[in-house]
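Try each task before reading its solution.

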Amino acid sequence: MKKYKALLAMGVLTAFCLIPGMAIAENDTAAADSAPAASTTVSSPATVSLTLDEAIAKAMTDNTQIKIQEMTVETSTHDKKMADKTAELLEDYVFSFSYGATISITNSELEAKQAAIGLDLAKASLDYTKRSVKFSVESAYYATLQAAKYEEAMNASLARAKKQWEDTQAKYKVGVSSKMDVLSAESSYLQAQTELNQAKDNAKIAKMNLCQVIGLDVNTDCVLKSSFSFEKITPSTDKELIEQGKTGDLTTYAAFCNKEIVALSSEEIMGQYPDGTYQNRQAAIKLKDAELKYEDAVDTLEISVNQALMDLATGEANYVALQKSKELAEEAYRLAELRYQNGLGTVSDLLSAEAILKQAETGELSALYTYNMAKSKINYGIFAASSGR
């Protein structure tokens, strides 16, 4: 019994270790050869071009977590064969139907049923691990693409801020703009420089994280060939996703397997002891507790599925709306710049239009990332864990 509880614990641990942000990726490491300091050279980072599918395939190759789960399936398969064989041998061997013999046969049959459940859970854990690795790579890949696009947006913002500052300086020299206008434009330019530097740092960290998830050296220069785009999907209904999640979501399925194992042992105990006895009541309580935990897991799954569907719908709506907002902001900035150059607008109006444009650009990227992540959760059946009772 302890063996199958340990397997259940491993299954739940796998579910939490492999959710986004907590994925365990492997890095190929090698021992450094000792060499004289004079001969040491610094090599440039390797460059690797990867589509999203190629990145996923790379992460799936020689993945430690997948190998561990494959070994668990092997062990569980062996345990089931041994348990089945033991039950079969005992049934053939026992000729008398004494009480003790009956108990031996019953226990071996119970072990065989528990081993079968343990094997099912091990297979589910392996499947979940593979999907989790794929989801983790996709999440990191899209985060890297988003960071690169954000850097592009900050570059464009810096270029606009630089031009504003130069134009304001030129106007100041001919007495058209005030010193305050020059200082405001310069402040905006310096702020844009700071934001660009932050965007570059974030893009670098995102790329390093992607390399780690894939299993590459973190200093590898990954060139991403897939685009950061909007591709609409029509998801399954919440009921369909919940039904799929009852076996596909590891936390939920582990709770189900635990309920089945507890039910087997509890029913056996309750059949041996009269109603009202301590053993009978204890078995009933354990079974009820396992049933409640499974119900709680299903409720949590339902919440998570609906959250993913809402994120998908919200991401789509926001992306479509923010595309229009960006178009409007671009036109508003063009007009504000034109008015300013012709002396009909103020530098304050121009800076305000620039801030709105930058906000629209970054908002569009954020909505696109939210949509793609919600789509990935649904496609892979990986739903974030919520707090249960």
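**Exercise 1. A side-chain partner**

Task: Find which side chain makes a polar contact with the side chain of serine 177. Then decide whether serine 177 is buried or exposed.

Solution: 
- Step 1. The side chains of serine 177 and tyrosine 340 are joined by a polar contact of 3.3 Å. Keep in mind that this is a predicted model.
- Step 2. Serine 177 sits in the loop that links helix H4 (99-173) to H5.
- Step 3. List its neighbours, leaving out residues up to four places away in sequence. Serine 177 touches Thr168, Lys171, Tyr172 and Tyr340.
- Step 4. Check the accessibility. The relative accessible area of serine 177 is 10%. Buried means under 20%, so serine 177 is buried.

**Exercise 2. Two packed helices**

Task: Describe how helix H5 packs with helix H9, and say which residues meet.

Solution: 
- Step 1. Know what to look for. Two packed helices are described by the angle between their axes and the distance between the axes.
- Step 2. Read off both values. H5 (residues 179-214) and H9 (residues 347-380) pack at about 15°, and their axes are 10 Å apart.
- Step 3. Classify the angle. Angles under 35 degrees count as roughly parallel, so H5 is roughly parallel to H9.
- Step 4. The crossing of H5 past H9 is left-handed.
- Step 5. Name the residues. From H5 come Asp181, Ser184, Ala185, Ser188 and Glu195. They meet Val347, Leu351 and Lys358 of H9.
- Step 6. Sort them by class. The contact of H5 with H9 has three nonpolar, two polar and three charged residues.

**Exercise 3. A residue within H5**

Task: Decide how accessible glutamine 193 is. Then find how far its C-alpha atom is from that of lysine 162.

Solution: 
- Step 1. Locate the residue. Glutamine 193 belongs to helix H5.
- Step 2. Glutamine 193 has 28% relative accessibility.
- Step 3. Compare chain and space. Glutamine 193 and lysine 162 are 31 residues apart along the chain, and 9.4 Å separates their C-alpha atoms.

**Exercise 4. The whole chain**

Task: How many helices and strands does the protein chain have, and in what order do the elements run?

Solution: 
- Step 1. Count. The protein chain has nine helices and two strands.
- Step 2. Order them. From the N terminus on, the elements run α-β-α-α-α-α-β-α-α-α-α.
- Step 3. Of the 389 residues, 40% are buried.
- Step 4. Residues 24 or more positions apart account for 84% of them.

Note on methods: Residues are numbered from 1 along each chain as its sequence is written. This is a predicted model: local features need pLDDT of at least 70, side-chain atom pairs count only at pLDDT 80 or more; totals for chains, interfaces and linings use all residues. Side-chain values use heavy atoms; hydrogens and water are left out. Axes are lines fitted to C-alpha atoms, for helices over the stretch in contact, and angles run from 0 to 180 degrees between N-to-C directions. Helices (H or I, at least four residues) and strands (E, at least two) are DSSP runs, numbered from the N terminus. Angles under 35 degrees count as roughly parallel, over 145 as roughly antiparallel, 65 to 115 as roughly perpendicular and the rest as oblique. A crossing is left-handed if the near helix is turned anticlockwise from the far one by less than a right angle, and right-handed if clockwise. Contact means heavy atoms within 4.5 Å. Ala, Val, Leu, Ile, Met, Phe, Trp, Tyr, Cys and Pro count as nonpolar, Asp, Glu, Lys and Arg as charged, and the others, Gly among them, as polar. Buried means under 20% relative accessible area, exposed over 50%, partly exposed in between (1.4 Å probe, protein chains only). A polar contact is a pair of N or O atoms within 3.5 Å; within protein, one must be able to donate a hydrogen and the other to accept it, and residues adjacent in sequence count only if both atoms are side-chain atoms.
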